[in-house]
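Below is a briefing on one protein chain.

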Amino acid sequence: MAVPWSGSDRYHVQLQMDSQFLCSDQRMHTELVDRLVLQFNRTYPQILTDKEAQRFRNLSVPTAVRLAELLVHLQGKGEEACHEFYRGLQIHAYDVYFNLPTRVSRRRGPLFFLSCFSLAVGLALLYYYGEGNLSGTGQFLSFSVLGLGRGTSEVLLAYSKIQ
């Protein structure tokens with residue numbers, strides 16, 4: 001069994017994993033699919049020829065079917081085609097790109113939860129050994145926010161200013 005995120009087929013495997021989400025997402029509407037098809041046809045004619053582009057732009061076929069066929073076609077063309085699909089999706093529909101299952105799982109993987117738990121334990125220890133008082137930790141908290149999300153950073157910075 002191949003490791004999904006290694007080697008030269010990274011985008012190919014990623015597209016296989018994201019295909020069901022993409023075909024069911026309402027944001028993948030007719031105009032967006034057409035824009036992606038046109039981008040491939042104009043920029044990468046070796047990936048999508050004029051004849052193939054006409055097939056994927058046929059409005060008598062439902063958008064979900066055309067999109068599914070396009071994704072299968074791109075997977076058949078190889079890694080470069082899959083990579084270019086993600087680039088096009090990022091350009092034309094960043095909100096869809098940002099919420100892809102493969103991106104979400106990487107953002108919220110086990111390391112994310114481990115780091116959140118570690119932060120909570122660290123703050124609890126500071127509170128416990130400070131006898132309920134976190135005085136003197138203001139400078140520590142202001143430096144701790146460097147690798148955290150915006151919401152968490154704002155809370156810790158506000159608390160460090162109170163100290």
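In this predicted model, the side chain of Glu84 makes a polar contact with the side chain of Arg87 at 3.1 Å. The two side chains also count as a salt bridge, with 3.1 Å from N to O. The structure holds 5 salt bridges, 0 disulfides and a largest nonpolar core of 27 residues.

- Glu84 is found in helix H5, which covers residues 79-92.
- Glu84 and Arg87 are 3 residues apart in helix H5, so about one helical turn separates them.
- Is Glu84 buried or exposed? Glu84 is buried, because its relative accessible area of 6% falls under the 20% limit.
- A second polar contact of Glu84 goes to the side chain of Tyr44, at 2.7 Å.
- Leaving out residues up to four places away in sequence, Glu84 touches Phe40, Tyr44 and Ile47.
- Glu84 and Leu36 are 48 residues apart along the chain, and their C-alpha atoms are separated by 9.8 Å.

**A network of salt bridges**

- Side chains of opposite charge can pair when their charged atoms come close.
- The side chains of Asp25 and Arg27 meet in a salt bridge of 2.8 Å, N to O.
- Arg27 forms a salt bridge with Asp95 as well, and here the closest N and O atoms are 3.6 Å apart.
- What does the pair of Arg27 and Asp95 tie together? Arg27 lies in the loop between H1 and H2 and Asp95 lies in helix H6, so the pair links parts that are 68 residues apart in sequence.
- Asp25 is buried, with a relative accessible area of 12%.
- Arg27 is partly exposed at 30% relative accessible area, and Asp95 is partly exposed at 41%.
- Through shared partners, salt bridges join Asp25, Arg27 and Asp95 into one network.

**The nonpolar core**

- Which residues have the most contacts inside the largest nonpolar core? They are Leu15, Leu22, Met28, Leu74, Phe85 and Leu89.
- Helices H1 (10-24), H2, H3 (50-56), H4 (63-77), H5 (79-92) and H6 (94-98) each supply at least two residues of this core.
- Leu15 touches Leu22, Leu71, Leu74, Gln75, Cys82, Phe85 and Tyr86, when residues up to four places away in sequence are not counted.

**Cysteines**

- The number of disulfides in the structure is 0.
- Cys82, one of the residues that Leu15 touches, is buried with a relative accessible area of 0%.
- Cys23 is partly exposed, with a relative accessible area of 26%.

**Asn41 in helix H2**

- Asn41 is found in helix H2, which runs over residues 30-43.
- Asn41 counts as buried because its relative accessible area is 15%, and the limit is under 20%.
- What does the side chain of Asn41 reach at 3.2 Å? At that distance lies the backbone oxygen of Thr49.
- Asn41 touches Leu48, Thr49, Asp50 and Ala53, again not counting residues up to four places away in sequence.

Notes:
Residues are numbered from 1 along each chain as its sequence is written. This is a predicted model: local features need pLDDT of at least 70, side-chain atom pairs count only at pLDDT 80 or more; totals for chains, interfaces and linings use all residues. Side-chain values use heavy atoms; hydrogens and water are left out. Helices (H or I, at least four residues) and strands (E, at least two) are DSSP runs, numbered from the N terminus. Buried means under 20% relative accessible area, exposed over 50%, partly exposed in between (1.4 Å probe, protein chains only). A polar contact is a pair of N or O atoms within 3.5 Å; within protein, one must be able to donate a hydrogen and the other to accept it, and residues adjacent in sequence count only if both atoms are side-chain atoms. Contact means heavy atoms within 4.5 Å. A nonpolar core is a set of buried Ala, Val, Leu, Ile, Met, Phe, Trp, Tyr and Cys residues joined through side-chain atoms within 4.5 Å. A disulfide is a pair of cysteine sulfur atoms within 2.5 Å. A salt bridge is a side-chain nitrogen of Lys or Arg within 4 Å of a carboxyl oxygen of Asp or Glu.
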